[in-house]
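Subject: Structure handover

Hello,

Here is the structure we spoke about, handed over for you to look through. My notes on it follow below.

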Amino acid sequence: MSDIVEKTLTALPGLFLQNQSTGGPGAAKASFSSRLGGLVRGITALTSKHEEEKLIQQELNNLKATVSAPTTTLKMMKECMVRLIYCEMLGYDASFGYIHAIKLAQQGNLLEKRVGYLAVSLFLHENHELLLLLVNTVVKDLQSTNLVEVCMALTIVSQIFPREMIPAVLPLIEDKLQHSKEIIRRKAVLALYKFHLIAPNQVQHIHIKFRKALCDRDVGVMAASLHIYLKMIKENSSAYKDLTGSFVTILKQVVGGKLPVDFNYHSVPAPWLQIQLLRILGLLGKGDQRTSELMYDVLDESLRRAELNHNVTYAILFECVHTVYSVYPKSELLEKAAKCIGKFVLSPKINLKYLGLKALTYVIQQDPTLALQHQMTIIECLDHPDPIIKRETLELLYRITNAQNITVIVQKMLEYLHQSKEEYIIVNLVGKIAELAEKYAPDNAWFIQTMNAVFSVGGDVMHPDIPNNFLRLLAEGFDDETENQQLRLYAVQSYLTLLDVENVFYPQRFLQVMSWVLGEYAYLLGKETPEEVITKLYRLLMSDSISSETKAWLIAAVTKLTPQAHSSNIVERLIQEFTTSLDTCLRQHAFELKHLNENVEFMKSLLPVDKSCEDMVVDSSLSFLDGFVAEELSQGAAPYKPHHQRQEEKLSQEKVLNFEPYGLSFSSSGFTGRQSPAGISLGSDVSGNSTETGLKETNSLKLEGIKKLWGKEGYLPKKGSKTGDETEAPPVPQETMIMENVDQTMTKKDQSQVPTQSKEEKEKQLLASSLFVGLGSESTVNLITEQLECCLPVIEAESTQNFQYSVQMEKPFTEGNLSGFISYQMMDTHSVQLEFSVNLSLLDFIRPLKISTEDFGKLWLSFANDVKQNLKMSESQAALPSTLKTLQQELRLHVVDIIGNEGLLACQLLPTIPCLLHFRVHGDILALWFRSSCSTLPDYLLYQCQKVMEGS
């Protein structure tokens, strides 16, 4: 195979080089290689995206004129195609050349046809309408006697051929399975594999020919057929049990080194072929003792031979372990596989440790006690500096969770969740925490507090099924009605406590959950009247950070509570406020509340207490409106149009031309939604706060689909508190903070001199006893924790002691004052009080935030609060360096990147609230754009920036 690759690489230059003509019009033109090389060198020398767009556009115009000229020869067309391919690779539209690529594949000689097929495979997708023009060309080339033409046709078929055109070429490809040349047979098998992926029903009749390909004399054809069998065995393994002997024989030949040397990789015989065969054997032997017995010997041989210290042998060992634990178990093989896992887990190399954790995560489902052998290593992996190792360790703990270790494992997951910034990890982890909480929650308080943490951290990126299932669980409850009432009451009390905390931002979905629960079950409160709950909901409703969808939930909650309240001025104020709202949905809710409030008795019968799970008779056809509709239509009213029809009409009426000014374009960044500041020009004088941007959700909460699972037996340790550095997380109320500190193993710092190493070992042993409890018959050790109390000690007479406390700004402000006093006792027993006062400003809590340009773009897209403003500068400030120096020094901003006359800067409000700034200097105008996760921080920073620019 290496000879084939070498010959291919040697022949590639001839595909792109143009032979110099001795005469004719082509002799006066520059060679293709010089033109393509000049284009590449020209793009490399550019300094901005705008210059690149200009150069590529000029090149595309030249190419368009060349390919459209009637005097263009096929040789020149081949050269143009390669340059068009390069332009498309850079992300620019070259659709005018698609039809010419198809023509080149149809009309050219061998070299020109190869370039044409290559261009078609890169330009078009399998649903492109122009592919219809290529069918006859492919059919003709499949019937050709030239091997190269047949290979090109088979390649294009396996890449982009659509399912509608499969019948036109399927008989020809079936015939190619009997071709004398192995490369044709191999490409035919790959083409049939593509057909099986996109249209399996059309290739069911040729499964017998797949079996012949499996026994082909050429190794490449046999290896290609394994892709088809792996796919089919995943779908239905029982239909291919009779082929187990064939797969075992092939694997024995591969492991024994019977294949040609060309298939070896670092002296390992055909490693990817071994991995493919091991996966197939694992599927065939799952739960089948008779089939598994046929493969025990070859699995033992594979484990024994894969002992070279190379990454590819580690991959083979990993698949062997996976297969050994997939097939019917054999004790000798399980012992050897466990030893391999131990070598991986204990390896100092990160990649091997990850492989060991991955294998252990899979194996733990069959043999949970295996985790006990490596429990200390797993504990160390929880504090590993590599985040991938941490994440895989948490996945392992998720697999071994039970009712006895649920609290400790969930706490570890929450700690990692607070540290993670990746959306995928957050979505994945909050789903697992919610699932574990529903299955194994030890008590109501723990469950509600854990779900509060999930909603707070998961925010609006979590899957909508999580809040849906939580609300369904509250609504349907369990068999014990007393327990149901206690759970609902605790939820109501918890949410009212959270709403009492000021200056805390909660995600929109969390607020929707709060509003539904308070609307349904606030009647369970004995001491708080419905009027007080309505007041809290109204205060939340008037907040600027609430989206329109969440406001609709809040109004619905107020509507449910209104019949229980005797009289409330808050409801009247709400009706007056929202009956004139510009939002149609909110205005409709307000009018419904207004009309229902006029008849309290009817409202009570319509909105009874605790009837959320009862079925309602709904006239989905709205037949009671038929008379009204007929009357309006007779008077000339417009008939109703469905949503999709209105959308089509709206799109057809939109402007075709874009009159917005263009800034620097970063179209290849792959971001969607709000634009990154590096790719937009700020020329507007509008200043505003787009708080609701990004907060609108298309997925509303639905009360369906929850499993009725609840663990009534649980692990009930004493509760400890957490010390040390706090993780970076949004501010949460005290109740949630208490929940997040449950089950942390702590040791008081006493004055006795105890070695540090023994303390760490003791803590690890204590944590291990809590994590792996319930896995073995003797593993019933309870976690014992101690309660730490934080208090200011009294200083003894004639002694000195230093104290350090940190001050954090919970809510941004321009200026403030920190004051306090110190009391001490004099000798004559009278007390003296010393007062102190320190003036603080916002800039005292601002620090530079050192991040990369890529991280800046990701953070920018995730923030919803922004402020824009244009400032007039003096002549001395108009230069970019002086402006940059002023912002960097006075506001303590970190310069992330400079792009032309635009700059990216970042800072953070201690401890962990970031704020980003994108500015642009245009003449004597400084365009500022602040964006942050905090709704008020951009306004305060803009004010400070204005003061700084005016003062300088």
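Which residues does G459 touch, not counting residues up to four places away in sequence? They are V454, P507 and R509. Before going further, please keep in mind that this is a predicted model.

G459 is found in the loop between α25 (444–458) and α26 (465–476). G459 is buried, with a relative accessible area of 9%. One of the residues it touches, R509, is 50 residues away along the chain, and the C-alpha atoms of G459 and R509 are separated by 6.8 Å.

The whole protein

The protein has 952 residues, and 45% of them count as buried. Its secondary structure comes to 40 helices and ten strands. The accessible surface is about 51,300 Å², and carbon and sulfur atoms account for 52% of that. Among the contacts with a separation of 6 or more, 67% are between residues 24 or more positions apart.

Helix α9 and E174

Helix α9 covers residues 166–176, and E174 lies in it. Is E174 buried or exposed? E174 has a relative accessible area of 12%, so it counts as buried, the cut-off being under 20%. The buried residues of α9 are I166, V169, L170, L172, I173, E174 and K176.

E174 itself touches H205, I206 and K209, leaving aside residues up to four places away in sequence. The C-alpha atom of E174 is also separated by 7.5 Å from that of A188, a residue 14 places apart from E174 along the chain.

Helices α19 and α22

The next item is a helix pair. Helix α19 (residues 350–363) and helix α22 (residues 387–399) have axes that come within 9 Å and cross at roughly 15 degrees. That angle makes α19 roughly parallel to α22, because angles under 35 degrees count as such. The crossing of α19 past α22 is left-handed.

On the α19 side, the contact is made by I350, K353, Y354, L357, K358, L360 and T361. On the α22 side, the residues are I388, I389, E392, T393, E395, L396 and R399. Sorted by class, the contact of α19 with α22 has seven nonpolar, two polar and five charged residues. As background to the spacing in such lists, an α-helix has 3.6 residues a turn, so residues three or four places apart point the same way.

Where are they found? H266 is in the loop between β1 (264–265) and β2 (268–269). A270 is in the loop between β2 and α14 (271–284).

Regards

Notes
Residues are numbered from 1 along each chain as its sequence is written. This is a predicted model: local features need pLDDT of at least 70, side-chain atom pairs count only at pLDDT 80 or more; totals for chains, interfaces and linings use all residues. Side-chain values use heavy atoms; hydrogens and water are left out. Axes are lines fitted to C-alpha atoms, for helices over the stretch in contact, and angles run from 0 to 180 degrees between N-to-C directions. Helices (H or I, at least four residues) and strands (E, at least two) are DSSP runs, numbered from the N terminus. Angles under 35 degrees count as roughly parallel, over 145 as roughly antiparallel, 65 to 115 as roughly perpendicular and the rest as oblique. A crossing is left-handed if the near helix is turned anticlockwise from the far one by less than a right angle, and right-handed if clockwise. Contact means heavy atoms within 4.5 Å. Ala, Val, Leu, Ile, Met, Phe, Trp, Tyr, Cys and Pro count as nonpolar, Asp, Glu, Lys and Arg as charged, and the others, Gly among them, as polar. Buried means under 20% relative accessible area, exposed over 50%, partly exposed in between (1.4 Å probe, protein chains only). Accessible areas come from the Shrake-Rupley method with a 1.4 Å probe; for residues, only the protein chains shown count as cover.
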